[in-house]
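Me: I have a protein open here and want to get my bearings. Can we go through it piece by piece?
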Amino acid sequence: MCRWAAYLGAPIFLEDIITRPGHSLVAQSVEASECKTATNGDGFGIAWYGDRTAPGLYRDVYPAWSDPNLKAIAHHVKSGLFLSHVRASTGSCISRNNCHPFAANTWSFMHNGQVGGFENFRKTADMAIEEEYYGYRKGSTDSEVLFLLALGLGLDERPRHALEQAVGCLETLSRNRGVAPHMRLSAAMSDGQTLYAARYSSDHIAPSVYYRYSETYQGWAVVSEPLETNEDGWTALAPGKFLQINKEGAQEFAFNPT
């Protein structure tokens, strides 16, 4: 399992989410409190938006707590929209191509969870990716397949429905040829304008997601775990919900994979 954090709002330094808070994402890479594995040291990544439509991307296989380049980038780079992730592999190898976030065109995507028994039907899942997007398949994770499936199912036009269909496709494959738990998911994604997140599970254990508006930063944080211990104001996204955040604020919708 993994931990992640995303932000949308007035530009801030990446370190205000990634390294500076008491329970920052880097702190969670060492000792997460709401995760099956407390340590998330199998790589990290950040995707951030600036003057270009495509996101900047920095990923590596080092533990987030030990990479000085990550700290330097987070200290100097400002962005009004970024995604960040620390990884604990559920089976796929530790490589840069398997580190989240993944990016294609204007989109960035990251995931915490698992598709049960993915190794039993990986080829079938890969072949379900539309030809237009298969060139973006660089790694071996179920998360990357989920992202590319969603792109082919209309992520640009209908983000929630596309992700529902992609999740439903992989969950069905898992039920037919994999193992339980068939699907556990907390995910965040963005097209450079709007931030989306989803929480879902095929059983009773859905990975945690919280969100909060900060008057200090004039922006929204969406996270696996609150960035400060015992901090008020965080809303837990319920299982089976989809979150959309833009200039108009935050809205929740039902999330029903099919």
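**Helices, strands and overall form**

Reply: The protein has seven helices and 13 strands. Keep in mind that this is a predicted model.

Me: OK. Which strands form the open sheet, and in what order?
Reply: Six strands are in it, ordered β5-β6-β7-β8-β12-β13, with antiparallel pairing. The edge strands, β5 (102-104) and β13 (249-254), each pair on one side only. On average, neighbouring strands of this sheet are turned by 15° against each other, ignoring direction.

Me: How many bridges join β8 and β12?
Reply: Five bridges, in the antiparallel sense, between β8 (residues 195-201) and β12 (residues 241-246). For Arg 199, the bridge partner in β12 is Lys 241.

Me: And what does helix α6 lie across?
Reply: Helix α6 (residues 142-152) lies across β5, β6 (107-115) and β7 (183-190), and runs at about 130° to β6.

Me: Then which strands does α7 lie across?
Reply: Helix α7 (residues 159-177) lies across β6, β7, β8, β12 and β13. Its angle to β7 is about 150°.

Me: Changing topic: what is the radius of gyration, and what would a compact globule have?
Reply: The protein has 17 Å; a compact globule of 258 residues would have a value near 18 Å, so the two agree. The C-alpha atoms fill a box of roughly 45 × 40 × 35 Å along the principal axes.

Me: What percentage of the residues is buried?
Reply: Buried residues make up 56% of the 258. The accessible surface comes to about 11000 Å², and 48% of that belongs to carbon and sulfur atoms.

Terms used:
Residues numbered from 1 in each chain as written. Predicted model: local features only at pLDDT ≥ 70, side-chain atom pairs only at ≥ 80, totals over all residues. Heavy atoms only, no water. Pairing = 2+ DSSP bridges. Helix = DSSP H or I, 4+ residues; strand = E, 2+ residues; numbered from the N terminus. Axes fitted to C-alpha atoms, helices over the stretch in contact; angles between N-to-C directions. Contact = heavy atoms within 4.5 Å. Rg over C-alpha atoms; globule rule 2.2 N^0.38 Å. Buried < 20%, exposed > 50% of the residue type's maximum accessible area, 1.4 Å probe, protein only. Areas by Shrake-Rupley, 256 points an atom, 1.4 Å probe, with all protein chains shown as cover.
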